[in-house]
Amino acid sequence: KRFTDVLEEFGAISELCGTILLDIVYMDLQSHLSELFGKKWLTSGGPLGTVDVTMQDYSSDFRHLKTDLYELVMHKAQKRLIVSYISAMLQKESI
């Protein structure tokens with residue numbers, strides 16, 4: 001029982017660390033995500049390319065995580081990116 005509790009706590013700590021890593025990634029991306037669907041994005045598409053390259057760089061950095069944690073972090077990153085993209089699209093629909 002105690003061993004199981006310790007394993008569950010380590011799992012919870014791992015998830016929290018993954019969330020913190022994603023928060024750092026999204027602080028890095030915030031200015032670029034805010035440009036999505038804006039006038040600059042419509043003419044150049046630059047922010048989306050920057051987001052893509054940044055995500056690839058962080059993905060490479062995160063390869064050193066345990067496989068389960070890496071997969072969890074990358075799944076959460078994909079979900080956050082999709083939500084950010086759709087939110088930007090809905091907020092800028094008048095353009």
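Is Glu-15 buried, partly exposed or exposed? I looked it up: Glu-15 is partly exposed, with a relative accessible area of 41%. My scale calls a residue buried under 20% relative accessible area, exposed over 50%, and partly exposed in between (1.4 Å probe, protein chains only).

**Ground rules.** I am working on a predicted model, where local features need pLDDT of at least 70, side-chain atom pairs count only at pLDDT 80 or more, and totals for chains, interfaces and linings use all residues. Residues are numbered from 1 along each chain as its sequence is written, and side-chain values use heavy atoms, with hydrogens and water left out.

**Salt bridges.** I took a salt bridge as a side-chain nitrogen of Lys or Arg within 4 Å of a carboxyl oxygen of Asp or Glu. Side chains of opposite charge can pair when their charged atoms come close. I got three salt bridges by this rule.

I started with Glu-15 and found its partner, Lys-76, with the closest N and O atoms 3.9 Å apart. Lys-76 lies in helix α4 and Glu-15 in helix α1, so this pair ties together parts 61 residues apart in sequence. I took helices from DSSP runs (H or I, at least four residues), numbered from the N terminus. Lys-76 is partly exposed, at 25% relative accessible area.

Next I checked Asp-23, which forms a salt bridge with Arg-80 at 3.0 Å between the closest N and O atoms. Asp-23 is in helix α1 and Arg-80 in helix α4, so the pair joins parts 57 residues apart in sequence. Both ends have values in the partly exposed class: Asp-23 at 34% and Arg-80 at 32%.

I then went to Lys-1, whose side chain meets that of Asp-5 in a salt bridge (3.5 Å, N to O). Lys-1 is exposed, at 75% relative accessible area. Asp-5 is partly exposed, at 31%.

**Nonpolar core.** I defined a core as buried Ala, Val, Leu, Ile, Met, Phe, Trp, Tyr and Cys residues joined through side-chain atoms within 4.5 Å. The largest one holds 18 residues. Val-25, Tyr-26, Leu-29, Leu-33, Leu-36, Met-55 and Phe-62 touch the most other members. The elements giving two or more residues to this core are α1 (2-34), α3 and α4 (67-91). Helix α4 gives the most, with six residues.

**Thr-54.** I found Thr-54 in helix α3 (residues 46-62). Thr-54 is buried, with a relative accessible area of 16%. A polar atom of its side chain lies 2.8 Å from the backbone oxygen of Thr-50. I also listed the contacts of Thr-54 (heavy atoms within 4.5 Å). Not counting residues up to four places away in sequence, Thr-54 touches Asp-28 and Leu-29.

**Gly-49.** I noted Gly-49 in helix α3 too. Gly-49 is partly exposed, at 35% relative accessible area.

**Surface patch.** I looked for nonpolar patches: residues with over 30% relative accessible area and no salt bridge, nonpolar side chains (Val, Leu, Ile, Met, Phe, Trp, Tyr) being joined within 5 Å. Areas come from the Shrake-Rupley method with a 1.4 Å probe. Leu-16, Ile-20, Ile-24 and Met-27 make a patch of about 400 Å². Ile-20 sits in helix α1. At 41% relative accessibility, Ile-20 counts as partly exposed.

Note on methods
A polar contact is a pair of N or O atoms within 3.5 Å; within protein, one must be able to donate a hydrogen and the other to accept it, and residues adjacent in sequence count only if both atoms are side-chain atoms. Patches are made of residues with over 30% relative accessible area and no salt bridge: like charges are joined within 9 Å, nonpolar side chains (Val, Leu, Ile, Met, Phe, Trp, Tyr) within 5 Å.
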